[in-house]
Amino acid sequence: MGSKRIWISTEPEDPLKDPSSTSCSTLVLPPSFQITCLLSGFCNMVLWVVILMDRFFGRLSRSLRLSSDEIARLRNQDTKNLLRNKKLYLILDLDHTLLNSTPLTHITPEEEHITGRQDAYEGSLFVLEHMHTMTKLRPFVRTFLKKASEIFEMYIYTMGDRSYAHEMAKILDPNREYFDSRVISRDDGTQRNQKGLDVVLGQENCVLILDDTKKAWTKHKDNLILIDRYHFFASSCQQFGLSCKSLSQLEMDESEGGGALATIIGVLKRIHTIFFQVFCAFSN
Ligand SMILES: [Mg+2]
């Protein structure tokens with residue numbers, strides 16, 4: 001017994017419209033499978049499953065292509081609107097840039113003094129029992145976000161997972177004034193162990209990145225401002241192979257007005273000013 005040919009259209013709109021059409025392809029079933037199909041009536045079901053899959057994946061593929069065009073259009077539009085409001089994009093890393101987190105189990109005896117003394121840190125120390133994590137905000141971070149939001153549209157972009165990213169966003173921005181839904185985690189990225197601007201709704205030449213890790217941004221080094229790492233917890237020093245004591249072990253912290261974020265906000269303002277001086281000069 002020879003193989004039976006089943007005609008399957010590659011056009012998702014009407015796959016069975018014209019079996020003799022040149023736009024059709026063939027699916028060849030082995031004889032044993034044909035017998036089974038004839039006896040059980042299973043063949044029609046298989047055929048429709050194949051057709052539905054063809055329809056689904058065909059449409060999915062086309063919709064993805066449309067989405068790329070649409071994303072490009074939205075990216076242009078969003079950037080134009082932002083420039084009209086004299087703002088640029090600012091991508092902010094979390095760990096060691098805006099804050100420092102540690103698993104509760106990694107707190108050393110020398111750091112025990114901080115547990116139960118959250119009030120001493122004036123709303124900058126958080127115990128997240130459900131995540132078994134303690135988080136310390138970097139000094140000046142709240143002022144930094146307020147000032148930066150005046151001249152930037154800000155994103156959080158972390159290599160942490162989505163639940164961690166959103167928990168940190170809640171701590172940094174409890175009233176959703178600064179980030180809204182612009183929170184990107186490693187679960188949203190398109191490359192493993194890399195951060196990319198393809199998931200940011202803004203043109204690359206209008207984006208600044210603030211991060212402590214250069215190797216995360218291999219494709220966007222020109223956009224990157226590297227910041228000194230914030231090592232509040234001892235586990236953070238250990239993570240980077242540092243033999244020095246952490247700030248918590250030393251019972252101290254970065255200066256509120258003279259720390260890294262306070263310095264960086266001045267740099268960001270200067271870049272913003274220069275950008276719009278040049279932009280206005282070319283626009284007129
Ligand atoms: Mg980092």
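Mentor: Let us begin with burial: a residue is buried if 20 or more other C-beta atoms lie within 10 Å of its own, and exposed if 12 or fewer do. Please keep in mind throughout that this is a predicted model.

Trainee: With that cut-off, how many residues of strand S3 are buried?

Mentor: Strand S3, residues 88-92, is mostly covered, for five of its five residues are buried. Leu-88, Leu-90 and Leu-92 lie on one side and Tyr-89 and Ile-91 on the other, and both faces are covered. Across the chain, which has 284 residues, buried residues make up 25%.

Trainee: How much confidence does the predictor attach to the model, and where is the pLDDT below 50?

Mentor: The pLDDT is the predictor's confidence in each residue, from 0 to 100. The chain averages 82, and 77% of the residues score at least 70. Over residues 1-43, however, the pLDDT is below 50, although this stretch has 47 contacts in the model beyond near neighbours in sequence. Where pLDDT is low, the predicted coordinates should not be read in detail.

Trainee: Let us return to S3. With which strands does S3 pair, and in which sense?

Mentor: S3 pairs in the parallel sense with strand S7, residues 152-157, over five bridges. With strand S9, residues 207-211, S3 also pairs in the parallel sense, over four bridges. Leu-90 shows how such a pairing is read residue by residue: its bridge partner in S7 is Met-154, and in S9 Leu-90 stands opposite Leu-208. Ile-91, in turn, stands opposite Ile-209 in S9.

Trainee: In what order do the strands of this sheet stand?

Mentor: Five strands form an open sheet with parallel pairing, in the order S8-S7-S3-S9-S10. Its edge strands are S8 (183-184) and S10 (224-226), each of which pairs on one side only.

Trainee: Which strands form the antiparallel sheet?

Mentor: That open sheet consists of three strands in the order S4-S6-S5. S4 (99-103) and S5 (125-128) are the edge strands, each pairing on one side only. On average, neighbouring strands of this sheet are turned by 15° against each other, direction ignored. S4 and S6, the latter covering residues 133-137, run antiparallel and are joined by five bridges. Leu-99 has Leu-137 in S6 as its bridge partner.

Trainee: What does Leu-90 touch, leaving out residues up to four places away in sequence?

Mentor: Leu-90 touches Ala-148, Phe-152, Met-154, Leu-208 and Leu-210.

Trainee: Which residues of H3 are buried, and why are they on the same side of the helix?

Mentor: The buried residues of H3 are Val-141, Phe-144, Leu-145 and Ala-148. They are on the same side of H3 because they cover an arc of only 95° around the axis. What covers them includes S3, S4, S6, S7, H4 and H6.

Trainee: How is H4 to be read in these terms, and which of its residues are buried?

Mentor: In H4, Tyr-164, Ala-165, Met-168, Ala-169 and Leu-172 are buried. Their arc of only 135° around the axis puts them on the same side of H4. Their cover includes S4, S6, H3, S7 and S8.

Trainee: Finally, where is Glu-177 found, and is this residue buried or exposed?

Mentor: Glu-177 is found in the loop between H4 and S8. Glu-177 counts as exposed because it has 11 C-beta neighbours inside 10 Å. Its C-alpha atom is separated by 9.0 Å from that of Lys-146, 31 residues apart along the chain.

Methods
Residues are numbered from 1 along each chain as its sequence is written. This is a predicted model: local features need pLDDT of at least 70, side-chain atom pairs count only at pLDDT 80 or more; totals for chains, interfaces and linings use all residues. Two strands pair if DSSP finds at least two bridges between them. Helices (H or I, at least four residues) and strands (E, at least two) are DSSP runs, numbered from the N terminus. Axes are lines fitted to C-alpha atoms, for helices over the stretch in contact, and angles run from 0 to 180 degrees between N-to-C directions. Two residues are in contact if their C-beta atoms, placed from the backbone, lie within 7 Å. The arc is that of the directions from the helix axis to the C-beta atoms.
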